[in-house]
Each structure stands twice: as structure tokens, then as C-alpha cells.
Amino acid sequence: SGMSTIRAFAVEETLTRRLALCSDENAKTLVSLAGLSAWSYIRISLSSLLIVILPCLGFTLLQPDSTTASFAALLITFSFSLEADFICLFGNLSLMQGCLVGFERCQALLNIPQESKDPGIDLPTNWPSNGELKLKSYSARYRPGLENVLHDLTFEVNPCEKIGVVGRTGAGKSSVVLSILRLIDSSGGDIIIDLSLIHI
């Protein structure tokens, strides 16, 4: 659906190069994943081989008289199944670790600090009745520790007055609306609606 826009701006070659770069980055990730899988399989196979060889050599060299052919065959048969068991074990452990990521995120959400509670302002039942809005030296930030996105903002909107907020990208237009709706924390100043202070 966007081909007409791409052709209108004549950026076919630019987007083709960008697509090739993104494909290369994706291929690098897949190659790394395949390499890690092969490395893990080799290590599991070598560990299983050692587990097979050591008991067989031990029973054969240390106790040659007590080791029968049937016992040695049974030992080797069960030892060879260890490789598949180890691969299944590590695969299940990896799957369990991936599933526990959701649990870890739930635990992190439970430990998020709660927003500040309302200061207990007693507002009239018909509030807001006029729609008068005032901001006095208001500053705000999205969370503690960050810089202010609004700095000493002061303006007034009269009742039944329509206004527009304009500015370049990142000027703070959305932050003004979020501040009025009390969706971000104040770091200074006041918001007054119909002579009622709602944000300190």
C-alpha cells in the first residue's frame, strides 16, 4: 500500500539498501543462535562420551574378573542413552527459564512504586462548572530522577475559550495535556481549574 508513496519520493534504492542491512542484521542473529546451539550440542555429546567411557574403563581395568560381558553390554547400552537424556534435560531447563521471564516481570510490576495519592481536596459537586484553567509556574517530569519536560509554564484559558497548542517535535505539547490530566508528576507550580487547586 505504500509503494505509491515510495515511488513518489524516489527512494526505492535507499529503502532497498536499508532492507538489505536489516536482513543482514537478522541473519547475524540467526547465525549466532545456530552457533550457540551447535556449541551446546558438542559439549553435551562430549560430556556424555566421558560418562560412557569412564565407567566402562573403570569396570574393565579395575575389576576385570567381576565384570561379565552381559553386564558390560548393559552398562554401555544405558550409557549411550545419556546423550539424549541430557539434551532433553537442558532443553527443558531452557524452556523453563524462558517461561519464568513472565513471572519475573510480574514480580517487577508488583514492586513498582505507587503514584502519589490525592491530597484530599474537597471539590464542589458541580466542579468544574465554568472550565477556567490556570497554570502558574508549572514544571513536570515523567518520573523522579529525570529532567523536567515542562519548565515554569504559566498561561490561562478562559471559560468557553478554544485554544490550540503548537510547536516543534519535542516542545512539550503532549506533556501539557498529560499534566492537566494528572498523568505525569509535578515538580513545581500549580494547576488551578475553576479556582480549585488540583495539583501542588
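Begin by selecting helix H4, which has 29 residues and spans 41 Å from its first C-alpha to its last, close to the 42 Å expected at 1.5 Å a residue; the expected span of a helix is taken as 1.5 Å times one less than its number of residues. Helices (H or I, at least four residues) and strands (E, at least two) are DSSP runs, numbered from the N terminus. Centre the view on Val-101, where H4 has a kink of about 25 degrees, the bend at a residue being the angle between axes fitted to the seven residues ending there and the seven starting there.

Before going further, note that this is a predicted model, in which local features need pLDDT of at least 70 and side-chain atom pairs count only at pLDDT 80 or more, while totals for chains, interfaces and linings use all residues. Residues are numbered from 1 along each chain as its sequence is written, and side-chain values use heavy atoms, with hydrogens and water left out.

Now zoom out to the whole chain. The protein contains five helices and four strands, and along the sequence these follow the pattern α-α-α-α-β-β-α-β-β. With a radius of gyration of 34 Å, well over the 16 Å that the globule rule gives for 200 residues, the protein is more spread out than a compact globule; the radius is taken over C-alpha atoms, and the globule rule is 2.2 Å times the number of residues to the power 0.38. Taken along the principal axes, the box filled by the C-alpha atoms is roughly 105 × 55 × 30 Å. Colouring by accessibility, you will find that buried residues make up 14% of the 200 residues, where buried means under 20% relative accessible area, exposed over 50%, and partly exposed in between (1.4 Å probe, protein chains only).

Next, select Trp-39, which lies in helix H2 and counts as partly exposed at 49% relative accessibility. Draw a distance from Trp-39 to Val-176: these residues are 137 apart in sequence and 54 Å apart in space, C-alpha to C-alpha.

Stay at Val-176, which, leaving aside neighbours within four places in sequence, is in contact with Leu-150, Leu-153 and Phe-155; contact here means heavy atoms within 4.5 Å.

Which residues form the largest nonpolar core? Select Leu-133, Leu-135, Tyr-138, Ala-140, Leu-150, Val-157, Val-176, Ile-184, Ile-191 and Ile-193, the 10 residues of that core. Strands E1, E2 (150-157) and E3 (185-193) each supply at least two of its residues, and E1 gives the most, with four. A nonpolar core is defined as a set of buried Ala, Val, Leu, Ile, Met, Phe, Trp, Tyr and Cys residues joined through side-chain atoms within 4.5 Å.

Is Glu-132 buried or exposed? Glu-132 is buried, with a relative accessible area of 16%, and, residues up to four places away in sequence aside, its contacts are Glu-156, Val-157, Pro-159, Ile-192, Ile-193, Asp-194 and Leu-195. Glu-132 also forms a salt bridge with Lys-134, the closest N and O atoms being 3.7 Å apart; a salt bridge is a side-chain nitrogen of Lys or Arg within 4 Å of a carboxyl oxygen of Asp or Glu. Lys-134 is partly exposed, with a relative accessible area of 23%.

By this rule there are two salt bridges, and to see the other, go to Glu-25 and Lys-28, whose closest N and O atoms are 3.6 Å apart. Glu-25 and Lys-28 are three residues apart in helix H2 (residues 12-62), and are therefore separated by about one helical turn. Glu-25 counts as partly exposed at 48% relative accessibility.

Finish with two backbone details. Most residues other than glycine have a negative phi. Ser-137, in strand E1, has a positive phi near 45 degrees and is partly exposed, with a relative accessible area of 41%. Asp-152, in strand E2, has a positive phi of about 50 degrees although it is not a glycine, and is exposed, with a relative accessible area of 57%.
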